[in-house]
Amino acid sequence: NYYSLTELIFNENSFSSIQYKDDDNDESDKTPFEKLNTLIIAKNELNSIQSIHQLNLFPSLTKIVLRGNPIIDKLDKGAERYIIISNIGNVTHLDHGFVNPKEREDAELYFLPKWHEDVTSNELNEEEIKVKYPRYHSLVELHGIPNPPSVSQEQKKQTISKGLIELSIMNQTLNATFNEKPKTIKIPKSTTIQNLKTLIFRLLKLSPQTQVELKFQIKGQPSVTKLEDEEETVEYYEISDLGVLYVIESF
């Protein structure tokens, strides 16, 4: 009975899209999947942002696992998590990482100006807005209308970049290759250490069973900061693009 279902695990089933809609043949007052709060759909073939939009329609859905779907690779590198969070209003856990209120606010404020510019400059009608940016009106209601178009593109880029850190990642696990060069990712300052680990495991293609610890060192400084509290953010640890984050395998 999908009306009372609370958790659905549907990994590796090769489906390529999600469509949430009421059952037109059902005369009951119940909402389909109204109690579904956890959806685990890793390693399928989801390949469009429209499927992400559909996930926003599930009334009680808060926990989602999406990793391993082609859509993740299609999204802007370093901003995948922001894109998903901004498009799914109720999600509190994404790919086993907690979505804290600050991260949600940052994600929504990151994309709302982009959406608003497209809506106004291209004079999108309501149907087009509904298709491209289903949460546009709700975010305008929540955060207000973004800066007017008179603000220059350069100013917008500078405003957005203030919330991002370009972080160098040095792989020092057994998975590392000889003379492996550091990899670079852009992350929000509000990213928790737990979510940072999730990104690093994906970036370095580490096995889920690998045990790692993260250490941050500012270039030219002898002191090293160990990132032990997974619920804290990179901003809390004063991580910046002036240093290197070492990923060390622990045994």
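Ground rules, quickly. Residues are numbered from 1 along each chain as its sequence is written, and side-chain values use heavy atoms, with hydrogens and water left out. Because the model is predicted, local features need pLDDT of at least 70 and side-chain atom pairs count only at pLDDT 80 or more, while totals for chains, interfaces and linings use all residues.

The overview. The protein chain has eight helices and 10 strands. Those are DSSP runs, numbered from the N terminus: helices are H or I with at least four residues, strands are E with at least two. Of the chain's 251 residues, 41% are buried. Buried means under 20% relative accessible area, with a 1.4 Å probe and protein chains only.

Now the empty space. Rolling a probe the size of a water molecule over the atoms shows where empty space is left. We use a 1 Å grid over the protein atoms alone. A cavity is a set of points where a 1.4 Å probe fits but cannot get out; a pocket is an open set with protein on both sides within 12 Å along at least five of seven lines. Lining residues have an atom within 4 Å of a point. Points join across faces, edges and corners, and volume is the space filled by probe spheres set on them.

The largest pocket comes to about 1,000 Å³. It has 31 lining residues, and Lys 197, Thr 198, Leu 199, Phe 201 and Arg 202 are the closest to its centre. Helix 2 (70–74), strand 7 (183–188) and helix 8 (193–204) each give two or more residues to this lining. Helix 8 gives the most, seven. By class, the pocket lining has 10 nonpolar, 10 polar and 11 charged residues. Nonpolar is Ala, Val, Leu, Ile, Met, Phe, Trp, Tyr, Cys and Pro; charged is Asp, Glu, Lys and Arg; the others, Gly among them, are polar.

Next, cavities. There are two of 30 Å³ or more.

Last, strand 10, residues 243–249. Five of its seven residues are buried. Strand 6 (164–172) pairs with strand 10 in the parallel sense, over five bridges. Strand 8 (212–218) runs antiparallel to strand 10, joined by seven bridges. Pairing takes at least two DSSP bridges. Ile 248 in strand 10 has Gln 172 opposite, and Glu 213 also stands opposite Ile 248.

Conventions:
Buried means under 20% relative accessible area, exposed over 50%, partly exposed in between (1.4 Å probe, protein chains only).
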